[in-house]
Amino acid sequence: MTVEKSDEVIVPKRSAKTRVTPVESMEGRTEAEGKSAARNASSTQSETEALTFLQRIGEKAKQKPEEKWTNLLSHMKVPLLKEAYQRLRRNAAAGVDEVTWHEYGERLDERLDERLFDLESRVHRGSYHPQPVRRVLIPKGDGKTRPLGIPALEDKIVQQAARMMLEPILEAEFIGFSYGFRPKKSAHDALDALAEAIHRKVSWVLDADIEAFFDTIDHRHLQAFLEHRIGDTRLVRLLMKWAKAGVMEEGKLRKTQAGTPQGGIISPLLANLYLHYVFDLWVLSWRKKHASGEMYVVRYADDFVMAFQREQDAMAMRKALAERLAHFGLKLHPEKTRVIEFGRFARESRERRGLPKPETFDFLGFTHVAGISREGKFQLKRRSSRKKRRAKLARLKEECDRRRHFRVVEQHRWLSLVLNGHYRYYGVPTNFEALAQFRYHVRRIWHRALARRSQRARWTAARRRIFDQRFPLPTPRIHHPWPDARFALR
């Protein structure tokens with residue numbers, strides 16, 4: 001299958017006009033100096049040679065971004081597989097094979113090399129076949145569940161090795177406003193970019209979400225997008241094997257005709273590749289051809305926000321985007337996609353028209369509010385999403401009840417880690433009050449769980465104060481600077 005140049009793939013010229021988020025251009029990376037060509041790894045490839053090869057892939061991908069890669073799978077040898085194994089999470093859940101990281105690598109010097117040599121042989125012979133992904137359901141903030149796939153351990157190793165080879169190739173092509181699951185990019189980088197955009201000439205926001213994105217990726221289009229850069233048919237076939245491996249849920253095997261298992265190591269990279277051609281390049285082209293005012297885009301995986309200067313641009317984009325996604329088997333979430341009046345002048349404009357204050361929208365766990373600073377000027381306020389906060393407290397309550405009879409010292413250590421992790425993510429300016437409320441509710445949940453250890457226990461106010469002095473929970477802390485300060489540093 002080929003990709004049509006008219007609608008399917010739009011390759012933009014890398015110029016200043018392609019800027020779609022403040023400060024950041026398409027990538028912002030410096031070009032590699034000198035020339036570097038990837039070479040075939042020898043049969044006695046060492047770990048140093050494997051890592052050097054990965055570095056050369058990145059250099060060559062930057063120098064020749066249009067070139068196809070035709071001989072990648074031959075470099076998937078034991079040293080690369082061993083490096084991939086070492087990069088896996090050691091405490092991750094096991095897949096359908098029920099093999100953990102530690103069990104697979106027992107007696108590291110002998111048993112691991114022997115297993116990896118057998119795995120390498122099967123990959124190169126074509127006799128390696130991925131096992132079905134074990135599916136578990138993760139609770140979401142709205143009371144629903146999110147399906148998460150857990151591959152078998154050998155599948156994790158090969159996926160990690162493939163990701164290590166493909167990532168530098170695709171990174172040379174990806175657009176700067178894409179932040180999800182990319183090296184040296186984080187959710188807070190996306191939040192900062194959005195905050196900077198909203199402080200510009202923005203009065204309308206298109207808050208969008210693709211419905212069941214990971215479950216509806218079209219395999220035919222995915223393979224076509226892979227073949228656009230990867231000319232190694234064996235590697236493409238291997239990647240598509242993972243997409244079609246099936247799902248094991250409650251002991252029953254279900255074949256997958258579309259989508260990629262959410263949770264697989266290779267899935268985020270394939271998802272970004274899919275949206276790169278379906279969404280990112282198309283948005284650049286649409287902005288150049290149709291936008292009459294300023295327009296900014298921030299995407300994190302399948303969750304994205306667009307900011308517009310003019311309402312007609314926002315409404316036209318929503319209609320055009322729905323048509324574009326439908327062409328590739330995707331659909332905008334009807335409840336999570338909306339155009340709202342939001343920005344520096346939205347509050348004043350709505351007051352003049354006798355309308356209530358601007359609506360809020362959620363992005364990456366934060367509710368964005370068009371607020372006012374102490375000086376009476378516009379200020380974007382970001383607060384922990386109430387839906388996310390309630391879901392997390394519900395999970396903490398269940399876990400506190402489960403740990404009720406653990407030693408208090410252990411419970412205190414665990415809750416301190418939970419709170420500090422919460423502060424590190426949600427600790428942004430204007431969110432201190434929500435952090436304090438979260439700590440207050442965690443403290444109450446813990447006290448109630450401990451009080452239920454005995455029916456005779458009576459927790460008076462004095463006893464609570466004494467307990468809190470002995471086992472103090474971490475206090476809220478703002479870990480992140482203001483968005484403009486972080487951009488200035490960059």
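Which helix is the place of Gln-411? Gln-411 sits in helix H14, residues 408–426; helices (H or I, at least four residues) and strands (E, at least two) are DSSP runs, numbered from the N terminus. Keep in mind that this is a predicted model, where local features need pLDDT of at least 70, side-chain atom pairs count only at pLDDT 80 or more, and totals for chains, interfaces and linings use all residues. Residues are numbered from 1 along each chain as its sequence is written, and side-chain values use heavy atoms, with hydrogens and water left out.

**View A. Gln-411 and its contacts.** Gln-411 is buried, with a relative accessible area of 2% (buried means under 20% relative accessible area, exposed over 50%, partly exposed in between, with a 1.4 Å probe and protein chains only). Skip its neighbours within four places in sequence, and Gln-411 is in contact (heavy atoms within 4.5 Å) with Arg-403, Arg-404, His-405, Phe-406, Trp-446, Leu-450 and Arg-453.

**View B. Lys-184, with a positive phi.** Lys-184 isn't a glycine, yet its phi is about 60°. Look for Lys-184 in the loop between helix H5 (153–171) and helix H6 (187–198). Lys-184 is exposed, at a relative accessible area of 84%.

**View C. Ala-301, also not a glycine, with a positive phi.** Here phi is near 60°. Ala-301 belongs to the loop between strand E6 (295–300) and strand E7 (303–308), and it counts as buried at 10% relative accessibility.

**View D. The largest cavity.** Rolling a probe the size of a water molecule over the atoms shows where empty space is left. On a 1 Å grid over the protein atoms alone, a cavity is a set of points where a 1.4 Å probe fits but cannot get out, while a pocket is an open set with protein on both sides within 12 Å along at least five of seven lines; lining residues have an atom within 4 Å of a point. Grid points are joined across faces, edges and corners, and a volume is the space filled by probe spheres set on the points. The structure has three cavities of 30 Å³ or more, and the largest has a volume of about 60 Å³. Its lining includes Val-133, Trp-242 and Leu-270.

**View E. The second largest pocket.** This pocket holds about 480 Å³ of space. Of its 16 lining residues, Gly-58, Glu-167, Pro-168, Glu-171 and Pro-183 lie nearest its centre. Helix H1 (47–63) gives the largest share of the lining, six residues.
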